[in-house]
Amino acid sequence: MSELELLNNYEVLKDYFVDKPKPIFDSKTIQIILLREVLDFTIFRTEESKELNTVITPTAIDNDDPVERVAFLGSKQKAVESRQLASLLRTATNDVEYDEVEECYLKDYLCLKCPRCGLFGGTSASSSNKSDSNIKHRIAYSTAYSLDSFEELQELITFNGINDKKVNTGQALGVRKSVKPASIFPSIITLRSVTWKEFIWVVKSLLSAHKYGAESRIGGNVRNNIVGIAAGWEEVITPLELTLELSKEENKVDIDNISNILEEYKGIAAHTNKIKILNSEKLGNILEETQEFELDKDFIEESYKDIEAYRKEQGE
Ligand SMILES: [Zn+2]
């Protein structure tokens, strides 16, 4: 089997991919900038307190007045997208009849052999064997903050569980705080020391993940729009900075403006010359080629073999 070739439009990022995933990371970093658009009533609450997660932040990068925002916790984004990748792997391996795959179930039966385990990391259930040591994650999440204030977003959903005939007018069995449809959460996923193949798996998982929120039966539909890519030897911007930048009165929420903001942050980086911010055309080309890319048997086989080699290196 010959080595697969880098996709044409990925050339621009080639200095930021590693050839093979390895247990020891280097500093090659790719940040995927997303606008997560909440399309219906999604409930961002903590499991314990059932409270909506909110946090006080400045109004904008140039306005220190405090404002309350809704927080979309990194752990909640990660849980959904990790499961999405696992499901994509099951489907794609079945589709091409690649059968050298072990069952991998979150969270208790991780195989530590698949591209999901390779990227998201995992701990072996039976760690008596040295080669069963843990895999460190190379994909990182952090909390995303709503663009609009909690006050603007807050709505009370009134719902009742009884069938219509029995309900008295005005009777409400439950009132919950939720988030209004089409609220925007600027968000960032940071990849470190990943291969271009892993990048494909991540982008396809992001674009196909739609169900979020504490109680999926009550909606939780989200669309992930990829609106920027910043690559370098370090992280260029954090999600809170991005939300605060986009909250400046003169700043519009569009791809060109986001790429301008990233260029500004390049100016305060440690390795300015190593940073590459994609413009809207290059970003569009990368996304299009990724969306059209077929997950064929060679690609899948190489993706699995890469993790096998990683584990071998770790065991030695
Ligand atoms: Zn696995």
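Student: In which sense do β3 and β5 pair, and over how many bridges?
Tutor: Strands are DSSP runs of E with at least two residues, helices are runs of H or I with at least four, and both are numbered from the N terminus. Two strands count as paired if DSSP finds at least two bridges between them. For β3 and β5 the sense is antiparallel, and the number of bridges is two.

Student: What kind of model is this?
Tutor: Residues are numbered from 1 along each chain as its sequence is written, and side-chain values use heavy atoms, with hydrogens and water left out. Local features need pLDDT of at least 70, side-chain atom pairs count only at pLDDT 80 or more, totals for chains, interfaces and linings use all residues, and the model itself is predicted.

Student: Which are the edge strands of the open sheet?
Tutor: The sheet has three strands in the order β2-β3-β5, with antiparallel pairing. An edge strand here pairs on one side only, and that picks out β2 and β5.

Student: Why is helix α5 largely enclosed by the rest of the structure?
Tutor: Buried means under 20% relative accessible area, against over 50% for exposed and in between for partly exposed (1.4 Å probe, protein chains only). α5 covers residues 239–246, and it's largely enclosed because, of its eight residues, the number buried is six.

Student: What do the buried residues of α5 pack against?
Tutor: Those buried residues include Leu-242, Leu-244 and Leu-246. Contact means heavy atoms within 4.5 Å. On that basis, their partners are β1, β2, β3, β5, β8 and α6.

Student: Which residues coordinate the zinc ion?
Tutor: Donors are N, O and S atoms within 2.8 Å of the metal (3.2 Å for Na, K and Ca); water isn't among the atoms, so sites may look incomplete. Along the chain, the zinc donors follow the spacing C-x6-C-x2-C-x2-C. At 2.3 to 2.4 Å, the SG atoms belong to Cys-104, Cys-111, Cys-114 and Cys-117.

Student: Are Cys-104 and Cys-117 buried or exposed?
Tutor: Cys-104 has a relative accessible area of 11%. Cys-117 comes in at 0%. Both values put the residues in one class, buried.

Student: Which residues does Ser-82 contact, leaving aside its neighbours within four places in sequence?
Tutor: Ser-82 sits in helix α1, residues 74–95. With 6% relative accessibility, Ser-82 counts as buried. Its contacts beyond those neighbours are Leu-106, Arg-116 and Phe-120.
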